[in-house]
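Welcome! Take a moment to look over the sequence and the 3D structure, and then we will walk through some of the details together.

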Amino acid sequence: MQEQVPFFAFRNFVPGVQQQLEQALVQAAQRGNFILGEEVQLFEQEFAAYLAEGATALGVGNGYDALVISLKALGIGAGSEVLVPSNSYMATVNAVLHVGARPVLVEPDAHSYNITAANAENAIKPSTKAILPVHLYGQACHMNELLQLAQKYNLSVIEDCAQAHGATYNSQKVGTFGDAAAFSFYPTKNLGAMGDGGAVVTHNAMVADYVKQYRNYGQKQKYIGQLVGVNSRLDEIQAAILRIKLQHLEQYNAERQRLAKVYLQELQNIGDLILPVTAQDCSHVYHIFNIRTKYRDALQTHLKEPGISTAIHYPVPVHLQPAYTFLGHKTGDFPVAEEWAQTSLSLPLYPGLTEAEQEQVIQAVQVFYK
């Protein structure tokens, strides 16, 4: 069946932006300075200013590198344990393992899907060194409680903001609460490049200094290695693209929220559907519009017949992934994450999704439950 409603598509939602992006690509090519040049510096300044006064943003190769480098900058390594949500994407767990630390899975809140201080505290041990909250699907975590918990036990806080550009908690943007924050600019993100890209954001001058060196082979000045670093740099072309898209991020997010409101209105009280809930004091920028139903597989098949594409975030929880058997977990250890893996379905939602396309999705879901 031909795809009628794609799960995601790049649409020219804001008139004229496509032309601006194409012009930016040409100009970056003409300047001929492709690594850590003016566009990267300007994007770093503009993204930091967008997030919070006094923040520092440093571009890196991708969101995963941003997580790894943030952990390393805070001294998280062998012998350390890091609390991570049991329902996150495997990249979060991989980053902790990459630095030699051990991920400790924590079940999230049953309604917001995000890690909470109450659940996290039960997992804290003397070896716990950090909490890594993930602002999942685009909804901010309750950061005040997590920060208080971190202060109580002297823990670092690294925010995973890969899905939550522009989301807020108590009107403060995510990525500005912890000791460091990791952003991804993967093309489908709310703020996406035309390739891979990421950033570390911090208010800590020592963290910023470490990241600036570590991302560029550990150099403070050219050919002088101050530490053993890596090559993880946001390039000029991606920075040029991101500078333009950043100007429209609030508009993109507002459209996602408008589309989500339509789904929430039209799909309420239908069958056993569980719709997203926005927690108190939190905002949701709907990187993903996730519904839950015990008939998930049948509903996905039903939607596929008329060409409506959906996705599952995520079909196998991290503790049951083959790669992590050495962590010693088994089925039943994290029932919340397991139940979500079996019932979650993500519907199409992105700037440029048309009214007709969204109505087609809504009607198909309604027909399924009749």
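## A helix with a buried face

How many residues does helix α12 have, and how far does it reach from its first C-alpha to its last? In this predicted model, helix α12 runs over residues 355-368, which gives it 14 residues. Its reach is 20 Å, close to the 20 Å expected at 1.5 Å a residue.

Which residues of α12 are buried? They are Glu357, Gln358, Val361, Ile362, Ala364 and Val365. Seen down the axis of α12, these buried residues fall within an arc of 160°, so they line one face of the helix.

What covers the buried residues of α12? The cover includes α9 (249-266), α10 (296-304) and β13 (344-347). On the face turned away from the buried side, you can find the exposed residues Glu355 and Ala356.

## The largest pocket

Next, look for the largest pocket, with a volume of about 620 Å³. It is lined by 30 residues, and the closest to its centre are Tyr89, Gln163, Tyr186, Lys189 and Tyr314. The elements giving two or more residues to this lining are α3 (63-73) and α4 (90-98).

## Backbone angles to notice

As background, most residues other than glycine have a negative phi, and most peptide bonds are trans. Leu36 is not a glycine, yet it has a positive phi of about 50°. You will find Leu36 in the loop between α1 (17-31) and α2 (38-51), where it is partly exposed, with a relative accessible area of 25%.

Ser171 is not a glycine either, and its phi is positive too, at about 70°. This residue sits in the loop between β6 (168-169) and β7 (172-173). Ser171 is exposed, with a relative accessible area of 70%.

## Cysteines without disulfides

How many disulfides does a search of the whole structure find? The search finds zero. Cys161 is in no disulfide either: the nearest cysteine sulfur, that of Cys141, is 8.8 Å away.

Cys141 is buried, with a relative accessible area of 0%. Cys161 also counts as buried, at 0% relative accessibility.

Conventions:
Residues numbered from 1 in each chain as written. Predicted model: local features only at pLDDT ≥ 70, side-chain atom pairs only at ≥ 80, totals over all residues. Heavy atoms only, no water. Disulfide = S-S within 2.5 Å. Buried < 20%, exposed > 50% of the residue type's maximum accessible area, 1.4 Å probe, protein only. Helix = DSSP H or I, 4+ residues; strand = E, 2+ residues; numbered from the N terminus. Expected span 1.5 Å × (residues − 1). Arc of directions from axis to C-beta. Contact = heavy atoms within 4.5 Å. 1 Å grid on protein atoms, 1.4 Å probe; cavity = no way out; pocket = protein on both sides within 12 Å on 5 of 7 lines; lining within 4 Å. Points joined across faces, edges and corners; volume = space filled by probe spheres on them.
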